[in-house]
Amino acid sequence: MRLSKAETKKRFFSGFRAVLTAGLLAAALSLAGCGSPEARAMYEQAAKSLTDGDYAAAEKQFGEVIAAGEYVSESYRGLGLSQMYLQNFAEACINLEKSLLYMEGENKSFEQDVNLYLAYCRERHGEKEKAMEIYSELLQEKEDPNIYFLRGKLYVEEENTEAAAADFDKASELSNDYDLFINIYEVYAGHGKNYDGSAYLEKALQVVNSSETDYYNKGLVYYYLQEYENAKDNLIQAMNENPDDGKAILLLGRVYLSMNDLADARAMFNEHIVNDTNVAAAYDGLAMCDIAEENYESALANVQAGLARGNLEANKGLRFNEIIVYEHLKDWETAKQKAADYVLMYPLDEAGMRENQFLSTR
């Protein structure tokens, strides 16, 4: 399937981000020992700053906890994560390594958590071989489908297709999670290797079809398989089941776009605007229709109307499309500024980081 430029960039590397955030952030910020009430309060404040997205404050506060000499390993981890979100990957690597160095006792889950963030920062710092070493060492200790996926993704980036396929096959043997299968497809699709990923879509389809409901994910898999009528039917059902599901609205819009049915796509999005349901997502959909028709002034107006609704869930897609629109308008300075703002708001979004890097060369 041919994805639009904007859609390809939004999907690119999303699998890595899904594994990273879903698998690790839930385990973050757990205190591994006992300390003074004062140090604990300092640590908890630093942890709150991190989870609230105030990364500069978290960086300073974790440094103060380290200086106090308590919760040292946990605080070096928090310091490294703060710097990772601030895209200071070299410093993040140093402090994540210190977190491992200062560990007291054995805590395998904490150690794996830190190592996976360290691998991510190594990769972003341009040290892919060191990231690969971390994944391989972790897999020697215990086979994990998510780590096989992460190493396979890295192999794809290194154009080692045989090793990537071996890791992805191993991941799929160890897991029956359709999200993992979709993530594998997305990695291949992000590198123009849709055919290589198609087998994993079939695996995903087997899983989602075992459910009588789960209409959204059925629609998603059918969308990737280019079975647009099936995708449309399931997404309409998903919207009937949950009228507040903005994801289903946008994906159904993409299905209509893929079917070159812009009229139905626009009608659906406009209906949601009139009915005052999922309005921000609907404006994002109209902007995508405009981009498809190369009507960039209208796209920009729809993006701005969507952002004015203040919907945090929809804002990410709107802000990304805003960058794409300014690129098409050849307003490079504004596009650069919007991309710089985007990576500050969504620091783990690698598509945004790549877009920001691309624009820095313009």
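Here are some notes on this predicted model, point by point.

1. **Ground rules.** This is a predicted model, so local features need pLDDT of at least 70 and side-chain atom pairs count only at pLDDT 80 or more, while totals for chains, interfaces and linings use all residues. Residues are numbered from 1 along each chain as its sequence is written, and side-chain values use heavy atoms, with hydrogens and water left out.

2. **Helix α20, its length.** Helices here are DSSP runs (H or I, at least four residues), numbered from the N terminus, and strands are E runs of at least two.

3. Which residues of α20 are buried? They are A335, A339, Y342 and V343. They cover an arc of only 90° around the axis, so they sit on the same side of α20. (The arc is that of the directions from the helix axis to the C-beta atoms.) The face turned away from the buried side carries E333 and L344, which are exposed. For the wording: buried means under 20% relative accessible area, exposed means over 50%, and partly exposed is in between, using a 1.4 Å probe and protein chains only.

4. **Helix α20, its neighbours.** What do the buried residues of α20 pack against? Their partners are α19 (312–328) and α21 (350–359). Contact here means heavy atoms within 4.5 Å.

5. **The cores.** A nonpolar core is a set of buried Ala, Val, Leu, Ile, Met, Phe, Trp, Tyr and Cys residues joined through side-chain atoms within 4.5 Å. The largest one has 96 residues, and M84, C121, F168 and F269 have the most contacts inside it. Helix α11 (residues 178–190) gives the most to this core, with nine residues. There's also a second, separate core of 15 residues, which includes I324, Y326, A339 and Y346.

6. **A closer look at M84.** Leaving out residues up to four places away in sequence, M84 touches F89, A92, Y117, Y120, C121 and L348. C121 shows up again here, having been listed with M84 among the residues with the most contacts in the largest core.

7. A salt bridge is a side-chain nitrogen of Lys or Arg within 4 Å of a carboxyl oxygen of Asp or Glu, and the count comes to 21. One of them joins E64 and K60, at 2.6 Å from N to O. Both lie in helix α4 (residues 55–68), four residues apart, about one turn of the helix. E64 is partly exposed at 35% relative accessible area, and K60 is exposed at 56%. Another joins E229 and K232, at 3.4 Å from N to O. These two lie in helix α14 (residues 228–241), three residues apart, again about one turn. E229 is partly exposed at 45%, whereas K232 is buried at 19%.

8. E322 is buried, at 4% relative accessible area, while K338 is partly exposed, at 28%. Elsewhere, E123, K128, K153, E157 and E158 are linked in a network of salt bridges.

9. **Aromatic pairs.** Rings of Phe, Tyr and Trp (its six-membered ring) pair if their centres lie within 6.5 Å; planes under 30 degrees apart count as stacked, over 60 as edge-to-face and the rest as tilted. The structure holds 14 such pairs. For Y43 and Y71 the centres are 5.6 Å apart and the planes are at 45°, so this pair is tilted. Y43 lies in helix α3 (residues 37–51) and Y71 in the loop between α4 and α5 (72–85), so the pair ties together parts 28 residues apart in sequence. Both Y43 and Y71 are buried. Ring pairs also link F149, F168, Y188 and Y200 into a cluster.

10. **Phi angles to check.** Most residues other than glycine have a negative phi. D276 isn't a glycine, yet has a positive phi of about 60°. D276 is in the loop between α16 (262–274) and α17 (279–292). N278, also not a glycine, has a positive phi of about 50°, and N278 too is in the loop between α16 and α17.
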